[in-house]
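Subject: A structure for you to look at

Hi there,

Here is the structure I promised to pass on. Have a look at it first, and then read my notes below.

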Amino acid sequence: MINNETLNLVSGFKLREEYFDHHGKLHGIQHTYRVMTHCLVLGSILNFERETKLSLCGAFIHDMARRHDGSCYQHGQWASESKYPQFFSLFESIGITESDSEEIRFAVKWHSLPDEINLDHAFRKTAALLKDADVLDRIRLGEGDLKVERLRFPETVKLLEYSKSLYLKSTNSKPIIFQDYLSIASEILDGLNTPIKNLPLVHQPRP
Ligand SMILES: [Fe+2]
Ligand SMILES: [Fe+2]
């Protein structure tokens with residue numbers, strides 16, 4: 001179930017093609033909305049309240065600075081530099097402050113690098129959450145593409161069926177806004193007997 005308070009909080013997270021330096025089919029709006037949804041679902045299961053909010057912001061911009069749909073280690077760094085400042089005021093609307101910026105930017109940069117982060121790294125939770133959410137949507141590349149050993153949390157493995165359903169349903173029904181994806185995700189999880197109550201764990205904006 002998704003409550004109205006949550007829907008209102010994330011209502012400003014609207015993607016447009018012109019936000020992307022290269023809007024390709026593989027890493028465009030639909031993929032980004034699904035990764036954002038996965039951040040909220042997985043973060044909720046992991047009880048990562050703060051990191052869920054930070055990873056959601058990271059997911060919003062993570063592929064916006066791509067220059068092509070091919071293999072690229074640098075687009076995370078580019079997005080952290082050029083897209084983060086552009087959308088910081090949006091992130092402030094869900095309670096992000098300057099003190100969170102380094103962590104979000106680190107997660108965005110790291111998502112496109114091949115290296116693993118040390119378990120004791122201060123930003124690991126946020127970065128690993130974004131990376132697992134991104135990997136969950138590799139189902140769009142074909143059945144065999146998503147390798148379970150590439151995931152960082154055991155809880156992510158339980159979401160493979162859900163992520164496949166979200167990909168198929170969102171491809172067929174062509175949802176328009178983020179809230180549509182959240183509604184589809186909620187329905188899928190209810191059907192799989194993995195109900196997520198009050199889905200996103202985002203904070204109220206600070207006064
Ligand atoms: Fe990426
Ligand atoms: Fe991505």
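Let's start with Lys-131, which is buried because 28 other C-beta atoms lie within 10 Å. (A residue counts as buried if 20 or more other C-beta atoms lie within 10 Å of its own, as exposed if 12 or fewer do, and as partly exposed in between; C-beta atoms are placed from the backbone.)

Before going on, please note that this is a predicted model: local features need pLDDT of at least 70, side-chain atom pairs count only at pLDDT 80 or more, and totals for chains, interfaces and linings use all residues. Residues are numbered from 1 along each chain as its sequence is written, while chains are lettered from A and ligands numbered from 1 in the order in which they are written.

Lys-131 sits in helix α7 (residues 124-136). (Helices, H or I with at least four residues, and strands, E with at least two, are DSSP runs numbered from the N terminus.) Which residues does Lys-131 touch, leaving aside its neighbours within four places in sequence? They are His-111 and Arg-152, where contact means that the C-beta atoms, placed from the backbone, lie within 7 Å. The C-alpha atoms of Lys-131 and Val-35 are 9.1 Å apart, although 96 residues separate the two along the chain.

Next, the helix packing. The axes of α9 (residues 160-173) and α10 (residues 178-191) come within 10 Å and cross at roughly 135°. (Axes are lines fitted to C-alpha atoms, for helices over the stretch in contact, and angles run from 0 to 180 degrees between N-to-C directions.) α9 and α10 are therefore oblique to each other; angles under 35 degrees count as roughly parallel, over 145 as roughly antiparallel, 65 to 115 as roughly perpendicular and the rest as oblique. On the α9 side, the contact includes Tyr-162 and Leu-166, and on the α10 side Tyr-181 and Ile-188 are among the residues involved.

Helix α2 (residues 29-46) also packs with α10, at an angle of about 50° and with the axes 10 Å apart. That angle makes α2 oblique to α10. Here Tyr-33, Arg-34, Met-36, Thr-37 and Val-41 of α2 meet Phe-178, Tyr-181, Leu-182, Ala-185 and Leu-189 of α10.

Finally, a word on confidence. The protein chain averages a pLDDT (the predictor's confidence in each residue, from 0 to 100) of 89, and 90% of the residues score at least 70. Over residues 199-207, pLDDT stays under 50.

Best wishes

How values were computed:
Two residues are in contact if their C-beta atoms, placed from the backbone, lie within 7 Å.
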